[in-house]
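Reader: I've got a model open and I'd like to learn how to read its sheet, helices and core. Can we go through it feature by feature?

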Amino acid sequence: MTKTLIQNAPLTESELLRATQILKQLQADLKQHLHHNIGPFLAAIYDTSGQEIARAYNTVVQDNCSHHHAEMNAIHAAEKAFNTYDLSPYSLTLYTTSEPCQMCLGGILWSGIKTVFFGVPSARVEAVTGFDEGFKPHWIQAFKDRGIRVYGNIASAEGESVLAEYTHMNKIIYSPEKGVKICS
Ligand SMILES: [Zn+2]
């Protein structure tokens, strides 16, 4: 089944193939670790030579920290690795198993990340899990206006199945606005 690619810039077939491979690998990694005390999201940051600089899970619950989303944790690790608050000189690419939430959009903007590939679109994340992904109108165009390439809905079938598995494990679906609820 072919799913429509979300994109704000051109993408070659080989770039898409590579991104699909990486996102499938991240989804498989996430699936293996769902029984750990993590949220169902994983992000990785790669440099221009294709080397992985950072990989991080969502650790909101285990750290008691509302902003320890996978993307924020990965950005933090990359900034530590490069010893900088501005990653823009390195032209880095962020891969994330689901579309970034409202907070992570801001985090990505301020980090200097240049390219974003994501798996499951937010509407599907919300439908499958019940998480609230926030309010983020026209963010893909807004990123384009700031020179950040965005591509999504990649390996999203694999991603949705991992999210569904997490939801069926009766894990915490945290949401301050809606209150914490345990899925049943
Ligand atoms: Zn987030």
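Reader: In which sense do strand β4 and strand β5 pair, and over how many bridges?
Author: In general, strands of a sheet pair through backbone hydrogen bonds, either parallel or antiparallel. Here β4 (residues 93-98) and β5 (residues 115-120) are parallel, paired over 5 bridges. Thr96, for instance, sits opposite Phe118 in β5. Two strands pair if DSSP finds at least two bridges between them. Strands (E, at least two residues) and helices (H or I, at least four) are DSSP runs, numbered from the N terminus. Keep in mind that this is a predicted model: local features need pLDDT of at least 70, side-chain atom pairs count only at pLDDT 80 or more, and totals for chains, interfaces and linings use all residues. Residues are numbered from 1 along each chain as its sequence is written.

Reader: In what order do the 6 strands come in the sheet?
Author: The order is β1-β6-β5-β4-β2-β3, in an open sheet with mixed pairing. β1 (6-7) and β3 (52-58) are the edge strands with a single partner each, so one side of each has no neighbour in the sheet.

Reader: What does β2 pair with on the β4 side, and how?
Author: β2 and β4 are antiparallel, with 4 bridges, and Ala44 has Tyr95 in β4 as its bridge partner. β2 also runs antiparallel to β3, joined by 6 bridges, with Tyr46 opposite Glu52 in β3. Those two strands make a hairpin with 5 residues between them, and Gly50 in the turn has a positive phi of about 90°.

Reader: How many residues of β2 are buried?
Author: Buried means that 20 or more other C-beta atoms lie within 10 Å of a residue's own; exposed means 12 or fewer, partly exposed is in between, and C-beta atoms are placed from the backbone. By that count 8 of the 8 residues of β2 are buried, so the strand is largely enclosed by the rest of the structure. Gly39, Phe41, Ala43 and Ile45 point one way, Pro40, Leu42, Ala44 and Tyr46 the other.

Reader: Which residues of the largest nonpolar core touch the most other members?
Author: In soluble globular proteins, nonpolar side chains tend to be buried together. A nonpolar core here is a set of buried Ala, Val, Leu, Ile, Met, Phe, Trp, Tyr and Cys residues joined through C-beta atoms within 7 Å. The largest one has 45 residues, and Ala43, Ala74, Leu94 and Tyr95 touch the most other members. β2 supplies the largest share, 6 residues.

Reader: And which residues in α1 are buried?
Author: They are Ala19, Leu23, Leu26, Gln27 and Leu30. These cover an arc of only 100° around the axis, so they share the same side of α1. The arc is that of the directions from the helix axis to the C-beta atoms. The face turned away from that buried side carries exposed Glu13, Ser14, Leu17, Gln21 and Gln32. The cover over the buried residues includes β2, β4, β5, β6 and α7 (156-168); contact means C-beta atoms, placed from the backbone, within 7 Å.

Reader: Which residues are buried in helix α4?
Author: In α4 (residues 102-111) they are Cys104, Leu105, Gly107, Ile108 and Ser111. Their arc is only 165° around the axis, which puts them on the same side of α4. They pack against α3 (70-82), β4, β5 and α6 (139-145). Just after α4, Gly112 takes a positive phi of about 90°.

Terms used
Contact = placed C-beta atoms within 7 Å.
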